[in-house]
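This report describes selected local features of one protein model. Please look over the sequence and the structure before reading on.

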Amino acid sequence: MKGKTYLEIGADGVAIITINNPPLNLLSAHVMLSLKENTELALQRDDVKAIVITGSKGKFSGGFDVTAFGNKGKHGKLGFFSIDFITDILEAAGKPLVAAIDGPALGGGLEIALACHARISTSSAVLGLPELRYGILPGFGGTQRLPRLVGLRKALEMILKSKFVNGHNAQGMGLVDEISSADELVTVACHWAKDILAHRRPWAVSLYRTDRLEPLPEAKLMLEHARVKSKKQSPNLKHPLVCIDVIEEGLIRGPRAALWKESEALSELRQSDTCRSLVYYFFARQRTSKVPGITDMGLKPRKVNTFAVVGGGIMGSSIVTALIVSNYRVILKEMDEKALLAGIERVKANLQDHVKKGKIAEAKLDKILSRCKGVLHYEGFREADMVIEAVSENIYLKQRIFAELESYCPPHCILASSSSMINLNLICERKELQNRIVGTHFFGQAHLLPILEIVRTEKTSPQVIVDLLAIGKKTEKIPIVIHNSTGSAMNRMFFPYSQAAMVLVERGVDLYQIDRAAEAFGMTMGPFRMIDFVGFEVLTAMKVQFSKNFGERFNESKLFSVMHEDNQAGETTLKGFYIYDRDSKFIPNPDTMTYVHKLMKLSDEEIVEMILFPVVNAACCLLEEKVVVKASDLDVASVMGLGFPEYRGGIVFWADTIGPKHIHSKLEKWSETYGAFFKPCAYLAERASERTSLGQAKSRL
């Protein structure tokens, strides 16, 4: 459906225009033309004294349809909607216009409301301008009207951080004029419109207000500070700086001139590679919860109330934290009293970390912690709806635990392993349990990173996958469903990232240059910083499995082994490739110079290719082996788990922009020089020869 707006005229002379494009009342060219037509009609009619704009079914508008962001505009000239309609017709109307806001008022939806002469909102409404998330800027006047309503400082925070505010906070900022209940919202808005008409309320034109703007010298300092901060945080991104320039244009040359600059900037940014990448990634994230052959079966998730977690180490306690924060009851089992107390202390420390970061209120700590019960035996497991085994990567220990779980858990209970390396088929071979066996791999610490790999075997029930998708949603995790294999998808992409870096260092490249080059490209962490973060112990376990299962694709690193032997094992020991203090601040470790010698010089571009092309190759192996559901899932996994820059779309999307043929030729050349670790897989070779996209793989599983 294209969506449209409806016009109703009340007996009191107030016209109500309703945006109707369910489920979120998104804007499109068709909806905007309908809104323009009905606004003009209401302005022309003598029986209409004032106008209220609202959205159907408790949703004002979720903003402009993201699918249009990467396309050229098809309707009207430059500034057609922003200036010709929103500014010169809607805001300049000779009749009062009031926005009645419930639910989302985002992006273009909020910008329409900003141009109205007053805004009435429910306290739970969500208001924001998230356009920078998609590589563009607010293009319907938001860069000019928002600063004039809430002040430059707050406007910069909302726009540059894509920060949302609820209706209550919006009123405190001056963004909303009055709060109303949802039931009375339109009625209150109608009264406001009539009060404006009767001069009992101010007829406020947002575009020309100056009373909330900071003095120009102060405003210029704020803008310069915002530029410096943006360049530091996102040195490869152009659109935040363009947005700041447009805001400044309005302060110096006036808002009307700035609206034209805003429209020009929007037109240009919509065609940028950054916009295309971010829009692609937005939909890739949404698609992770759509699993062909699973989510299209009509299954409903079962209710899961109680979890049991076996193992209270770093990973187990982190999983417990993520679950109790999400309002699940959890039984934590350990082998002895000392280990159990240590596990509970880790959970407490994790919760305190959440308090420090403002994620939870300290007053709620006791209530959240009360959801966790520690046990030394399997008492209470009869009540568990799901058990997660989170012990060390010891196959015999895991096998024993799963054998015990069969005796203590109810028949419906989901049995999960958090293992990231061991094949699930080896952990539990009992046929009668196979349909409820699943892997739940949290890359890093579960309470910190928003990603969850759901590993299914050939026997795992579709119902179990549907249940896990619902659990992922409740715990605010992005789910990636993969097929059972040795090593998770994220680990299999992460390992060549670190191994390729080791290859370079052992041939004389400065390891800190490698990290700097990776981070300048946009990686959250360079490979050596990431090794420290993950920890040498985890890498050691991965090495054992990779050397055993991936043969020539495994590169043995002498540097890693020597440093590990010297007890320089990463961030947890405060010493690895970097030296850390208790606040996780770090500096290069001078001891590394005793292990390596600088002999080889490479440009940053060459370094990025040599550490990331093997990651592309690993992604192609996963596609070749049918481990992943779809190629876009690897893009999401690379961003959420590996720290690949979101604005490049993900590892496979980026590889397609580089070109499979170029990547293949480079890997072939390096494999001849440096060994089979760099050898391109058959999937990549096939795509390179056919000149087809890596991401065109059909849905798998």
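Which helix gives the most to the lining of the second largest pocket? Helix 21 does, with five residues. The structure is a predicted model, in which local features need pLDDT of at least 70, side-chain atom pairs count only at pLDDT 80 or more, and totals for chains, interfaces and linings use all residues. Residues are numbered from 1 along each chain as its sequence is written, and side-chain values use heavy atoms, with hydrogens and water left out.

**The second largest pocket**

A pocket is an open set of points on a 1 Å grid over the protein atoms alone, where a 1.4 Å probe fits, with protein on both sides within 12 Å along at least five of seven lines; lining residues have an atom within 4 Å of a point. The second largest pocket holds about 1600 Å³ of space. Its lining has 49 residues, and I314, M315, Q445, V534 and T572 are the closest to its centre. At least two lining residues come from each of helix 12 (314–325), helix 13 (337–356), helix 18 (489–505), helix 20 (527–534) and helix 21 (536–549). Helices here are DSSP runs (H or I, at least four residues) and strands likewise (E, at least two), numbered from the N terminus. By class, the lining comprises 20 nonpolar, 18 polar and eleven charged residues. Asp, Glu, Lys and Arg count as charged, Ala, Val, Leu, Ile, Met, Phe, Trp, Tyr, Cys and Pro as nonpolar, and the others, Gly among them, as polar.

**Backbone features**

Most residues other than glycine have a negative phi, and most peptide bonds are trans.

| Residue | Phi | Relative accessible area |
|---|---|---|
| N327 | about 75° | 47%, partly exposed |
| L574 | about 70° | 23%, partly exposed |

N327 sits in the loop between helix 12 and strand 11 (329–333), and L574 in the loop between helix 22 (558–565) and strand 18 (578–580). The peptide bond from P22 to P23 is cis, with omega near 10°. P23 belongs to the loop between strand 2 (14–20) and helix 1 (29–44).

**A helix pair**

The axes of helix 8 (residues 216–233) and helix 9 (residues 239–253) cross at roughly 175° and come within 10 Å. Helix 8 is therefore roughly antiparallel to helix 9 (an angle over 145 degrees).

How values were computed. Grid points are joined across faces, edges and corners, and a volume is the space filled by probe spheres set on the points. Buried means under 20% relative accessible area, exposed over 50%, partly exposed in between (1.4 Å probe, protein chains only). Axes are lines fitted to C-alpha atoms, for helices over the stretch in contact, and angles run from 0 to 180 degrees between N-to-C directions. Angles under 35 degrees count as roughly parallel, over 145 as roughly antiparallel, 65 to 115 as roughly perpendicular and the rest as oblique.
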